[in-house]
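Reader: I would like to go through the labels used for this model one by one. For each, tell me the criterion and the value.

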Amino acid sequence: MEPILELSGLTKVYPSGLKALDTVDLTIRQGEIFALLGPNGAGKTTLIGAVCGLVRPTSGTIRAFGHDLAHDWRRARARIGLVPQELSTDMFEPVERAVSYSRGLFGLGPDRARVEEILRSLSLWDKRNERIMALSGGMKRRVLIAKALAHEPDLLFLDEPTAGVDVELRKGMWAIIAQMRARGTTIILTTHYIEEAEEMADRVGIIRGGRLVMVDEKAAMMARLGRTEAHITLAEPLSELPEALAGLPVELEDGGTALRYRGGDGTGKGKAEVAHLTKRLLAAGIDYTGIDVRESSLEDIFVSLLGEDEVKPAEAAR
């Protein structure tokens, strides 16, 4: 099956000399949810803008649905939807009229039944006659999604779709995105909420300084780069690591009152090693009073790849 989107050598250099995209190669498969992660200024929004016709690339090619966007952008662009990061919309327009107008912008005729279906799926039908300016932040963001869906796109870009909404609304948006994918829409998502990518994405790309540093299946990435960490509280402090623990990735912490294990490979090996570690402790007559075991999250992998200094706490854990 032909890819739905192909980027080859995509580069964007602004007049100031800033290289926002640096020879990006990326292929998006039909029907997948692809999460693009990166710190502020990494090039996520520039990449989206280049595909959606908002940013003119300096070099490279973009093919969508088999069309070269440099020469046949109208046919391809009609099948692409965008939910922008900024809440810029027609604030004085009623919801239903704004969504219907967006449909007309792409040359589609009026279809009130389809607009009603979209608004109901986003829990906006009861708000259809209200002006957008009167809605809450979360509802305004839903209107942006409704407008993007109005022309029935096959490829949908969501640029920080849940920024500024509370946890309950965010999880509701996750459900909406899952529904879109179930209908066959291909989704490219940028987000600061890494749990969002971990929850929904099939594949993950990590971008830094305009370059894609990694693209992989989410499960494969977590299996390859994930780790197991265990904190074992000892009944009596140790002055040094006993010989019984030789060869295991453990170290003493908290003045010898605890052991820290870091190891495994994200495939369950770490949990088996922790079990083996506790058996060695008991066999050596070393008792413990508590054990806390956790597996790496996508957030942990993201931070390890980019470094703590490039990932603000608000970006990694918000």
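Reader: Where is Leu108 found?

Author: Leu108 sits in the loop between α3 and α4. Helices here are DSSP runs of H or I with at least four residues, strands are runs of E with at least two, and both are numbered from the N terminus. The model is predicted: local features need pLDDT of at least 70, side-chain atom pairs count only at pLDDT 80 or more, and totals for chains, interfaces and linings use all residues. Residues are numbered from 1 along each chain as its sequence is written, and side-chain values use heavy atoms, with hydrogens and water left out.

Reader: Why is Leu108 called partly exposed?

Author: Buried means under 20% relative accessible area, exposed means over 50%, and partly exposed is in between (1.4 Å probe, protein chains only). Leu108 has 33% relative accessibility, so it counts as partly exposed.

Reader: What makes the nonpolar surface patch with Leu108?

Author: Tyr101, Leu105, Phe106 and Leu108 make a patch of about 390 Å². Patch members have over 30% relative accessible area and no salt bridge; nonpolar side chains (Val, Leu, Ile, Met, Phe, Trp, Tyr) are joined within 5 Å, like charges within 9 Å. Areas come from the Shrake-Rupley method with a 1.4 Å probe, and for residues only the protein chains shown count as cover.

Reader: Which residues of α3 are buried, and how do you know that they are on the same side?

Author: Val95, Glu96, Ala98, Val99, Ser102 and Arg103 are buried in α3, residues 95–105. They cover an arc of only 165 degrees around the axis, which puts them on the same side of α3. The arc is that of the directions from the helix axis to the C-beta atoms. The face turned away from the buried side carries the exposed residues Arg97, Tyr101 and Leu105.

Reader: What covers the buried residues of α3?

Author: The cover includes α4 (112–121) and α5 (137–149). Leu119 is in contact (heavy atoms within 4.5 Å) with residues including Val95, Glu96 and Val99, leaving aside neighbours within four places in sequence.

Reader: Why does Arg114 count as buried, and what does Arg114 pair with?

Author: Arg114 has 18% relative accessibility, so it counts as buried. It forms a salt bridge with Glu152, the closest N and O atoms being 3.7 Å apart. The criterion is a side-chain nitrogen of Lys or Arg within 4 Å of a carboxyl oxygen of Asp or Glu. Arg114 lies in helix α4 and Glu152 in the loop between α5 and β7 (155–159), so the pair ties together parts that are 38 residues apart in sequence. At 40% relative accessibility, Glu152 is partly exposed.

Reader: How many salt bridges does the structure hold?

Author: The structure holds 19. Another is Asp22 with Arg211, at 3.1 Å between the closest N and O atoms. Asp22 lies in strand β2 (residues 19–28) and Arg211 in strand β10 (residues 211–217), so this pair ties together parts 189 residues apart in sequence.

Reader: Asp22 and Arg211: buried or partly exposed?

Author: Asp22 counts as buried at 16% relative accessibility. Arg211 counts as partly exposed at 41%.

Reader: Why is Thr11 called buried, and what is Thr11 in contact with?

Author: Thr11 has 7% relative accessibility, so it counts as buried. Thr11 is found in strand β1 (residues 5–13). Leaving aside neighbours within four places in sequence, its contacts include Asp22, Thr23 and Pro57.
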